[in-house]
Amino acid sequence: MSYRDLDVWQRGMELAEAVYRIAATLPDSERFGLAQQMRRSAVSIPSCIAEGRARLSTREFARFVAMALGSLAELETQLMLATRLCLTAAEVDSTLQSADELGRMLQALRKALDRKANLAELPPTGRPNR
């Protein structure tokens, strides 16, 4: 299965598209500031998922999912700041809701990957090595 088949990657791409539309509505004075930072954070989310999935290790994939969660937190903060500073008239609430849903998906994926990695470390008896 390719990273492109993962629902979480597809949702990340949709979020990035929405953020690009919002960033385009920010004032020109923010083109190289907040708008650029928002775009970078948004692009980082599906990029981390893709890179992690391409790794040959479950632990590496989990690490990249954790990085995607960090980028998502950055993005949510930037979207809220743009709203608080009245820098955009775009509909940020629905984008924040999408971000929240994506965050729940990423958390679930991270937990599943951690469980899988931990099970792989168990010896055949099912007891941890001592």
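This is a predicted model: local features need pLDDT of at least 70, side-chain atom pairs count only at pLDDT 80 or more; totals for chains, interfaces and linings use all residues.
Local features here need pLDDT of at least 70 and side-chain atom pairs count only at pLDDT 80 or more, while totals for chains, interfaces and linings use all residues. Residues are numbered from 1 along each chain as its sequence is written, and side-chain values use heavy atoms, with hydrogens and water left out.

**Exercise 1.** Work out what span helix 2 should have, and find where it kinks.

*Solution.* Start with the helix itself: helices are DSSP runs (H or I, at least four residues), numbered from the N terminus. Helix 2 covers residues 34-54, which is 21 residues. Next, take the expected span, 1.5 Å times one less than the number of residues. That gives 30 Å, and the end C-alpha atoms are 30 Å apart, so the two agree. Now look for the kink: there's one of about 25° at Ile45, shortly before Pro46. The bend is the angle between axes fitted to the seven residues ending at a residue and the seven starting there.

**Exercise 2.** Decide whether Ser41 is buried or exposed, and list what it touches.

*Solution.* Ser41 sits in helix 2. Its relative accessible area is 3%, and buried means under 20%, exposed over 50%, partly exposed in between (1.4 Å probe, protein chains only). So Ser41 is buried. Leaving out residues up to four places away in sequence, Ser41 touches Ser71, Glu74, Leu75 and Gln78. Zooming out, the buried residues of helix 2 pack against helix 1 (7-25), helix 3 (58-84) and helix 4 (92-120).

**Exercise 3.** Describe how helix 1 and helix 4 pack.

*Solution.* The angle is about 155°, with the axes 10 Å apart. Angles over 145 degrees count as roughly antiparallel, so that's what helix 1 and helix 4 are. Among the residues making the contact are Leu15 and Ile22 of helix 1, and Val92 and Leu102 of helix 4.

Conventions: Helices (H or I, at least four residues) and strands (E, at least two) are DSSP runs, numbered from the N terminus. Contact means heavy atoms within 4.5 Å. Axes are lines fitted to C-alpha atoms, for helices over the stretch in contact, and angles run from 0 to 180 degrees between N-to-C directions. Angles under 35 degrees count as roughly parallel, over 145 as roughly antiparallel, 65 to 115 as roughly perpendicular and the rest as oblique.
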